[in-house]
Amino acid sequence: MLFPYKDDHPFKAVPAVTLLIIAVNSYVFLHLLLFAQGGREAFLAYGAIPDALLHHRTGQPVPPLATVFLSLFMHSGFLHLAVNMGYLWIFSHKIEEDLGHLRFLFFYLFCGACAVYIYAATAPHSLRPLVGASGAVSGIIGAYISLYPQAKVHSLLFLGFYKRTIRIPAFLIIGAWASWQFYGGIISLFLIKNSNTAWFAHLGGFLIGLSSIRLWLPGKR
């Protein structure tokens, strides 16, 4: 198994928005875990429900558009949170440095919102709430491979009792990740209809980040 944990780019400035996003996600997770029995009712109330988004249902206490952004800060479990925040930490600091703090925040939310709607388009009548930062984080990953495909990503390799640290080009490790998302999406579309993983939110966010990041760079129009 392979676990990436950092890239080769040194920190030139504190990635304040990245740290803020991680802090908010962690706070919401702990709050729901401690005070809302894991958040099931909160997911139904504030998660992004495809049927509500595409057909403008009003059964939730907030407008459907608000759930698009609220859903980005709720997670279904610790592993869900840890994986998303871990990947965000690895790949976001350089993107935040390139874009600037405020532009980075808007880019992150933009990728997340697009990912939610792309997922909803693949399951337009689903009543299951979509939660998690996966789509937004996937957008950051897509942006990273677009700008820094040759950057080296430090990873821990485990093969049974054997382990070592290796440096892998970003295009290889992210390419393998994207291929897995595509495979999962195809399986969920044709074979496993009720997958608990929103594969197309991951793919959608990734493709949006990959294709649009250069338009977000300062000085671009």
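How many bridges join S2 to strand S3? In this predicted model, the count is eight, and the two strands run antiparallel. Strand S3 covers residues 162-169, and one of the facing pairs puts Leu156 opposite Thr165 in S3. The hairpin of S2 and S3 has two residues between the strands, and Gly160 takes a positive phi there, near 65 degrees.

S2 also has a partner in S1. These two strands pair in the antiparallel sense, this time over five bridges. Here Pro4 sits opposite Ser155 in S2.

Met1, Phe3, Tyr5, Leu156 and Phe158 make a nonpolar surface patch of about 470 Å². Strand S1 (2-7) and strand S2 (152-159) are the elements that give two or more residues to this patch. Leu156, then, is a patch member as well as the residue facing Thr165 in S3. Tyr5, another patch member, is found in strand S1 and counts as partly exposed because its relative accessibility is 35%.

The Asn25 side chain reaches the backbone oxygen of Ile21 at 2.8 Å. Setting aside neighbours within four places in sequence, Asn25 is in contact with Leu72, Phe73, Met74, His75, Leu81, Met85, Tyr108 and Ala133.

Note on methods. Residues are numbered from 1 along each chain as its sequence is written. This is a predicted model: local features need pLDDT of at least 70, side-chain atom pairs count only at pLDDT 80 or more; totals for chains, interfaces and linings use all residues. Side-chain values use heavy atoms; hydrogens and water are left out. Patches are made of residues with over 30% relative accessible area and no salt bridge: like charges are joined within 9 Å, nonpolar side chains (Val, Leu, Ile, Met, Phe, Trp, Tyr) within 5 Å. Accessible areas come from the Shrake-Rupley method with a 1.4 Å probe; for residues, only the protein chains shown count as cover. A salt bridge is a side-chain nitrogen of Lys or Arg within 4 Å of a carboxyl oxygen of Asp or Glu. Helices (H or I, at least four residues) and strands (E, at least two) are DSSP runs, numbered from the N terminus. Buried means under 20% relative accessible area, exposed over 50%, partly exposed in between (1.4 Å probe, protein chains only). A polar contact is a pair of N or O atoms within 3.5 Å; within protein, one must be able to donate a hydrogen and the other to accept it, and residues adjacent in sequence count only if both atoms are side-chain atoms. Contact means heavy atoms within 4.5 Å. Two strands pair if DSSP finds at least two bridges between them.
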